[in-house]
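Here is a short briefing for a reader new to this structure. Please look at the sequence and the model first, then read on.

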Amino acid sequence: MNVDHQEIEKFTAIASRWWDLDGEFKPLHQINPLRVDYIIGKITGKSRPNNGYPNNILNGLKIVDIGCGGGILAEALASHGAHVVGIDLAEESLTVARLHALETGLKNVTYELICAEEFASQNMEQFDVVTCLEMLEHVPDPGSIIEAAAFLAKPNAPVFFSTLNRNPKSYLMAIVGAEYVMNLVPKGTHDFSKFIKPSELMRMIDNTPLTIKATTGLHFNPITQGYYLSNANIDVNYIVHCQK
């Protein structure tokens, strides 16, 4: 399978803390509203109203979240009415995701222990939206995941990827700064050699039926300790919006 067992072990060791808002996954919780707003905006073509999107704005949509981890993104999309399937290969993370969904009472999100390629072979063109965020840099063959995402998407469906750029700036910010200086994430969370340049990601996407529609950068302000999206650059974290 397209899996790095060291990566699985790394996330298994801290799986119980997926929903600790001050724990190792705090940055994911902080950026999740930005990611959700971006995804909903691209799906619906609507800008975010001042009072937020209505809870039912994704009603009826089938979404698969590849590399769902503890369910942070999957739950957020389900809370807006979508029927979400989260898939991952870290069993302990999925256990936490299922328990949290029970606690919150969400009945429209389910989780499966399966690799993206196998799931795609069983569910070709079954989903209205496909997401794969902060996952591509953790597998040996990201191109295979991108291909699986394309197979899962219905014709004209939006597909979203996010990952880390590979350059000196991203090394300083995502590894030196985030892991060793500011302790935003645990040391060893990222492997710089697995970061993906936008040109590399775009070549992988070009090998599928997907078309790139937009890209945006995810930025961190060390003064305010806050995150924001901006098209100014995609030097570190970035999101790519595609369409089949």
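In what order do the 8 strands of the open sheet stand? The order is β3-β2-β1-β4-β5-β8-β6-β7, and the pairing is mixed. The model is a predicted one. The points below cover the sheet, a helix that lies across part of the sheet, and one residue in strand β5.

**The sheet**
- Strands β3 (109–113) and β7 (226–230) stand at the edges; each has a single partner strand, so one side of each is left without a neighbour in the sheet.
- On average, neighbouring strands of this sheet are turned by 20° against each other, direction ignored.
- Strand β2 (residues 83–88) runs parallel to β3, and 5 bridges join the two.
- Within this pair, I87 stands opposite E112 in β3.
- In general, strands of a sheet pair through backbone hydrogen bonds, either parallel or antiparallel.

**The helix across the sheet**

**Residue T163**
- T163 belongs to strand β5, which covers residues 158–164.
- T163 counts as buried because its relative accessibility is 0%, and the cut-off for buried is under 20%.
- The side chains of T163 and E137 are joined by a polar contact of 2.8 Å.
- Leaving aside residues up to four places away in sequence, T163 touches L136, E137, I196, L201, V236, N237 and Y238.

Note on methods:
Residues numbered from 1 in each chain as written. Predicted model: local features only at pLDDT ≥ 70, side-chain atom pairs only at ≥ 80, totals over all residues. Heavy atoms only, no water. Helix = DSSP H or I, 4+ residues; strand = E, 2+ residues; numbered from the N terminus. Buried < 20%, exposed > 50% of the residue type's maximum accessible area, 1.4 Å probe, protein only. Polar contact = N/O pair within 3.5 Å; in protein donor to acceptor, adjacent residues only side chain to side chain. Contact = heavy atoms within 4.5 Å. Pairing = 2+ DSSP bridges. Axes fitted to C-alpha atoms, helices over the stretch in contact; angles between N-to-C directions.
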